[in-house]
Amino acid sequence: GGQDLLGKFYEVFLKYGNGAKDIGIVLTPRHITKFACEVIDINESDIVFDPACGTGGFLVAAYDKVKDSEPANLDHFKKHKIFGIEQQANVATLAIVNMIFRGDGKNNIVNEDCFAKNLNRKIRNGDLSAEYIDTDPVRPPVTKVLMNPPFALKKDDEKEYKFLEHSLKQMSDNGLLFAVL
């Protein structure tokens, strides 16, 4: 429908818009984000997390997978089960707009340093969800992580494994992590 068209437009706009390269956006190709969601079988009961979500490609793919397979539960999923952190304010804004195009005005995408934020288990409307906290998680809630962490361009940049380590700390037992490294 109309939302998919907007999403497509947005993707192309970002890809060819002048600003994308200047602010360090590297888009994970759509076929990869879709493949990741298939491989680790994202479903409406999952709590999905991307610690360096960029413009939200993986989160959108998770949203689309639930929309296509379990549309009745989509509303609850998008409001309480999709979490993303992006450190660059302008990029985080793009991720939020990307989700708004999919009918989600109050998602859990935040502009923060992912290493300073943790996810802790929270029950909302009798169902499992999560909330951001500043301390170590007592009950890590995440069942699926999708990520394409930034490459360490300089010696002092955070290394890719740090993003993996941090994500594993957020995960419940038997969770699955998909990373592009």
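The model is predicted, so local features need pLDDT of at least 70 and side-chain atom pairs count only at pLDDT 80 or more, whereas totals for chains, interfaces and linings use all residues. Residues are numbered from 1 along each chain as its sequence is written, and side-chain values use heavy atoms, with hydrogens and water left out.

Helices (H or I, at least four residues) and strands (E, at least two) are DSSP runs, numbered from the N terminus. The expected span is 1.5 Å times one less than the number of residues in the helix. Helix H6, residues 89-100, may be examined in the same manner: its 12 residues should span 16 Å, in agreement with the 16 Å between its end C-alpha atoms.

Which residues of H6 are buried? They are Val91, Ala92, Leu94, Ala95, Asn98 and Met99. These residues cover an arc of only 155° around the axis, which puts them on the same side of H6. The arc is that of the directions from the helix axis to the C-beta atoms. Here, buried means under 20% relative accessible area, exposed means over 50%, and partly exposed lies in between (1.4 Å probe, protein chains only). In H4, the buried residues include Phe58, Leu59, Tyr63, Asp64 and Lys65.

The description now turns to the strands. Strand E4 (residues 118-124) contains asparagine 120. E4 runs antiparallel to strand E5 (residues 127-133), and 7 bridges join them; two strands pair if DSSP finds at least two bridges between them. Together E4 and E5 form a hairpin with 2 residues between them, and asparagine 125 in the turn has a positive phi of about 50°.

Because its relative accessibility is 14%, asparagine 120 counts as buried. A polar atom of its side chain lies 2.8 Å from the backbone nitrogen of arginine 139. Leaving aside residues up to four places away in sequence, asparagine 120 touches several others, among them Ser129, Ile133, Val138 and Pro140, where contact means heavy atoms within 4.5 Å.

The final topic is the salt bridge, defined as a side-chain nitrogen of Lys or Arg within 4 Å of a carboxyl oxygen of Asp or Glu. A search of the whole structure finds 8 salt bridges. In one of them, aspartate 41 is paired with lysine 65, the closest N and O atoms being 3.4 Å apart. This pair links distant parts of the chain, 24 residues apart: aspartate 41 is in the loop between helix H3 (30-39) and strand E1 (48-50), and lysine 65 is in helix H4. Aspartate 41 is partly exposed, at 41% relative accessible area, while lysine 65 is buried, at 14%.

Another salt bridge joins the side chains of lysine 144 and aspartate 46 (2.8 Å, N to O). Lysine 144 belongs to strand E6 (residues 142-147) and aspartate 46 to the loop between H3 and E1, 98 residues apart. Both lysine 144 and aspartate 46 are buried.

The side chains of aspartate 134 and lysine 117 also meet in a salt bridge (2.4 Å, N to O). Aspartate 134 lies in the loop between E5 and E6 and lysine 117 in the loop between strand E3 (108-111) and E4, so the pair ties together parts that are 17 residues apart in sequence.

Notes. Polar contact = N/O pair within 3.5 Å; in protein donor to acceptor, adjacent residues only side chain to side chain.
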